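I opened the file to look up a few things and wrote down what I found. The entries follow in the order I made them.

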Amino acid sequence: MPDATGLELIAQRVREGVSPEAVTGTAFYRGEATLEVAPSAVHDVLAYLRDADEEPWPLLMSLHGCDYLPEEPRLGVHYQLLSMERTDRLNVKTRIGVEDPILRSVVDLYPTADFQEREVYDMFGVLFDGHPDHRRILMPEDYEGFPQRRDFPMGGEPVLFTFNEDEYPRWYD
Amino acid sequence: MTDPTRVPYRERERSVTMERLGEEPVSGTAAVTEGDVQDELFTINIGPHHPATHGVLRLLTTLEGEIVRDVKPIIGYVHTGIEKSCEDQQYWKAITFVERMDYLAYYYNAMAFCMAVERLLEEEVPPRAQYLRVLHLELNRIASHLFWIATAALDIGAVTMLWWGCRDRDLVLDLFEMSSGQRIHTRYFQVGGVMEDIPPGFEAKTREFVKVMPRRLDQYLSLLDRNEIWLNRTKGTGVVPVERLLELGVTGPLLRAAGHPWDLRKGTPYSAYDQFDFKVPVGTVGDNYDRFRVRIEEMRESLRIIEQALEGLPEGPHITPNRKVALPPRHELATSMEALIHHFKLVTEGFRVPPGETYAAVESPRGELGCFVLADGSAKPARVHMRDPSFVNLQSLPDMAKGGLIADFIACVAMLDPILGGVDR
């Protein structure tokens with residue numbers, strides 16, 4: 001992990017290399033470095049970190065979403081970057097609201113993001129602009145709602161059996 | 001005519017007839033005029049229920065003759081919402097849930113989750129617990145690889161290997177049963193350590209296993225390594241260059257078979273792995289044969305680690321003495337008021353984790369298994385996400401299979417070793 005000072009240096013380089021507004025903050029918690037990035041700048045920052053930075057981060061290990069329900073903006077998308085040469089990790093994080101959750105897809109930078117962006121869309125409803133195959137991945141294609149959001153009720157769906165299918169009219173629509 | 005969607009499901013099922021088949025030739029069959037057959041692309045559906053897909057995986061495959069031109073993996077058939085369910089469980093109960101994701105490598109799921117929670121709690125794990133964890137992780141790696149070789153060989157037609165692999169996996173499961181009472185989904189790892197110390201006789205039985213296993217591995221090799229069908233199906237098939245694998249985020253034996261020696265146990269040692277002497281096997285070509293040999297050698301290295309863990313097992317507690325996190329020993333409940341209070345608090349409410357988020361990664365038998373935990377200060381996690389290696393590695397399947405024969409494609413799926421419980425979670 002880059003230490004707290006190293007993280008500030010990375011943040012400074014990103015501000016100079018991409019734009020001063022790209023980095024909205026840094027967090028160093030339990031030995032893990034997190035770079036908080038404006039949603040509009042995610043693609044540029046990751047492109048900079050992958051290729052142009054003096055300490056490059058060539059690999060994306062994980063891309064996942066989460067919902068910080070009482071806080072605003074609610075949704076968060078995390079990009080776990082890895083450098084095998086320095087055996088180092090950096091977490092790039094962005095926060096977006098539920099009203100207009102659009103990010104630029106990073107599949108062109110990291111092809112591994114393909115399935116993972118689809119999963120974040122499936123579970124949280126975050127749209128990824130420029131994704132080559134933007135569909136649900138785990139839930140059925142005709143599913144409504146985004147089940148991993150925290151305001152989505154748990155166990156709110158009836159379980160269909162042959163004996164009770166009459167109780168749910170037109171369930172097959 | 002009635003609206004077909006108005007007919008109840010069971011009725012519709014009965015109404016399917018075979019009458020229309022045979023009226024006109026189906027494209028791609030022999031009935032099409034000769035000459036067309038070779039040029040025509042033919043899309044077939046493999047799965048979701050198919051013995052060669054290792055679970056409920058659907059593969060939309062486009063063929064040109066016998067050559068695979070395109071593969072689209074379609075997943076989600078065993079999505080059970082484990083990540084969502086974890087949000088409604090206390091931290092110590094969520095271990096039971098995460099274990100059910102990758103159902104062949106349950107110790108690894110629990111390990112990644114416990115590591116993440118321990119990091120958020122800043123909880124120290126005693127050295128004996130670290131060694132017991134390493135011991136069980138490596139036993140689990142062997143069990144997982146044994147099941148992989150059993151089913152992979154079955155896909156290519158070597159049925160004997162299925163029985164041999166499952167027979168020897170049973171030896172490991174017997175050990176798990178001794179230490180935790182369960183054969184699979186043991187829930188042996190706790191936040192702060194392990195559930196119980198190993199019982200008397202466990203060490204002797206493990207040593208017996210470590211002694212017998214290298215010869216078994218030799219037997220597998222003598223069965224498979226000179227088998228012409230096995231060699232034809234695996235040598236030179238499914239090659240993907242290292243750069244492409246890294247782009248796709250592939251880790252674990254698949255990456256090491258291509259010659260890249262990345263292993264989290266060496267790269268960023270967690271638990272007690274920095275105290276063990278073991279090698280990281282790598283391949284040279286990156287074909288299916290290398291994947292097979294790398295996993296066999298990994299089992300030998302795991303045996304070495306198990307031996308060292310037994311030799312160097314430190315004395316001391318098997319779980320953290322912090323009563324706010326770990327249950328007090330049962331005998332204390334009869335004599336100590338505090339122990340009773342702690343027990344009651346832990347069982348009813350669970351422990352609270354300070355707000356924060358973390359990502360902990362371990363090297364599972366299939367690659368980097370990462371666990372992201374978001375804590376909001378309550379006794380239940382606000383988000384648990386598993387970066388499952390099977391899910392990410394599955395994206396490399398089209399690269400492996402394109403341009404190869406459909407028979408090699410089955411070998412590619414087998415050597416990829418996807419666990420669909422982990423893919424869909």
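Entry 1, the sheet. I looked up the strand order in chain A and found an open sheet of five strands, β1-β2-β5-β4-β3, with mixed pairing. Two strands count as paired if DSSP finds at least two bridges between them. β1 (23-29) and β3 (59-67) of chain A stand at the edges with a single partner strand each, so one side of each has no neighbour in the sheet. Direction ignored, neighbouring strands of this sheet are turned by 20 degrees against each other on average.

I note the basis here. This is a predicted model, in which local features need pLDDT of at least 70 and side-chain atom pairs count only at pLDDT 80 or more, while totals for chains, interfaces and linings use all residues. Residues are numbered from 1 along each chain as its sequence is written, and chains are lettered from A and ligands numbered from 1 in the order in which they are written. Helices (H or I, at least four residues) and strands (E, at least two) are DSSP runs, numbered from the N terminus.

Entry 2, one pair of strands. I checked β2 (residues 32-37) against β5 (residues 88-96) of chain A: they pair in the parallel sense over four bridges. Opposite A:Thr34 I found A:Asn91 in β5(A).

Helix α1 (residues 4-17) of chain A lies across β1 and β2 of chain A and runs at about 165 degrees to β1(A). Helix α2 (residues 42-52) of chain A lies across β2, β4 (75-83) and β5 of chain A, at about 170 degrees to β5(A). Axes are lines fitted to C-alpha atoms, for helices over the stretch in contact, and angles run from 0 to 180 degrees between N-to-C directions.

How many residues does the contact take from chain A and from chain B? I read 29 residues from chain A and 33 residues from chain B, with contact meaning C-beta atoms, placed from the backbone, within 7 Å. β3, β4 and α3 (113-124) of chain A each supply at least two residues of the side of chain A that touches chain B. β3(A) gives the most to that side, with seven residues. The residues of that side divide into 15 nonpolar, nine polar and five charged. Ala, Val, Leu, Ile, Met, Phe, Trp, Tyr, Cys and Pro count as nonpolar, Asp, Glu, Lys and Arg as charged, and the others, Gly among them, as polar.

Helices α7 (residues 159-180) and α8 (residues 202-224) of chain B pack at an angle of about 165 degrees, with their axes 11 Å apart. That makes α7(B) roughly antiparallel to α8(B) (over 145 degrees; under 35 is roughly parallel). Their contact residues divide into ten nonpolar, three polar and three charged.

The axes of α13 (residues 288-311) and α17 (residues 406-416) of chain B come within 10 Å and cross at roughly 30 degrees. That makes α13(B) roughly parallel to α17(B). B:Asn288, B:Arg291 and B:Phe292 of α13(B) make the contact with B:Ala411, B:Cys412 and B:Met415 of α17(B).

I found A:Asp133 in the segment after β7 (127-129) of chain A. Is A:Asp133 buried or exposed? A:Asp133 is exposed, because 11 other C-beta atoms lie within 10 Å (12 or fewer is exposed, 20 or more buried).

Key. Parallel < 35°, antiparallel > 145°, perpendicular 65-115°, else oblique. Contact = placed C-beta atoms within 7 Å.
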